[in-house]
Amino acid sequence: MFILPLALMIYAFIDCLNTSEEDTKHLPKIAWVFIILLFWVVGSIGWLFAGKVRHRAAGGAGLSSWQPGGRRQQWVAPDDNPDFLKSLKDDKEAERAAAEEEERGRREGGTSPDDKTPPTS
């Protein structure tokens, strides 16, 4: 019964200290610090609910994160992103073409950058 309010007070205190002065609401930041330290439970709960400007989470899946065409506005993991997967395919094709060109040059008697012996004249 003692640890939970103490943990709440420590969290609220650290959160208050890390919050910029512009993001505090209703009272100056220093006043919130004293309220949190003097009134453990009430001050901490007050800070969490009324003391700080809360920003929406970036990963929120609310209605505003969807565009009319059914496409999401937010960041998409690389394995779900068709543009990223296409770029990987293009990279593989470019590497394959470069390897084929190098092999063709070796077959035709040319030298490659990997050859250790200097060309004879």
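**Aromatic pairs and a nonpolar patch**

Mentor: Start with Trp 32, which counts as buried because its relative accessibility is 7%. Keep in mind that this is a predicted model.

Trainee: And Trp 47, buried or exposed?

Mentor: Trp 47 counts as buried, at 0% relative accessibility. Asp 15 touches Trp 47, along with Leu 48, Lys 52 and Arg 54, leaving aside residues up to four places away in sequence.

Trainee: Where is Asp 15?

Mentor: Asp 15 is in helix α1. Asp 15 has 12% relative accessibility, so it counts as buried; the cut-off is under 20%.

Trainee: Back to the rings. How many aromatic pairs does the structure hold?

Mentor: The structure holds two aromatic pairs. In one of them, the ring centres of Phe 2 and Trp 40 are 5.6 Å apart and the planes sit at 45 degrees, so that pair is tilted. The pair links distant parts of the chain, with Phe 2 in the segment before α1 and Trp 40 in helix α3, 38 residues apart.

Trainee: How accessible are those two, Phe 2 and Trp 40?

Mentor: Phe 2 counts as exposed, at 55% relative accessibility. Trp 40 counts as partly exposed, at 31%.

Trainee: What about the pair of Trp 32 and Trp 47?

Mentor: Trp 32 and Trp 47 form an edge-to-face pair, with 5.6 Å from centre to centre and 65 degrees between the planes. Trp 32 belongs to helix α2 and Trp 47 to helix α3, so this pair ties together parts 15 residues apart in sequence.

Trainee: Which helix gives the most to the patch?

Mentor: α3 gives the most, with five residues. Both α2 (29-38) and α3 (40-51) supply at least two residues each.

Trainee: And Ile 3, where is its place?

Mentor: Ile 3 is in helix α1, which covers residues 3-18. Ile 3 counts as exposed because its relative accessibility is 66%, and the cut-off for exposed is over 50%.

Conventions:
Residues numbered from 1 in each chain as written. Predicted model: local features only at pLDDT ≥ 70, side-chain atom pairs only at ≥ 80, totals over all residues. Heavy atoms only, no water. Helix = DSSP H or I, 4+ residues; strand = E, 2+ residues; numbered from the N terminus. Buried < 20%, exposed > 50% of the residue type's maximum accessible area, 1.4 Å probe, protein only. Phe/Tyr/Trp six-rings, centres within 6.5 Å; stacked < 30°, edge-to-face > 60°. Contact = heavy atoms within 4.5 Å.
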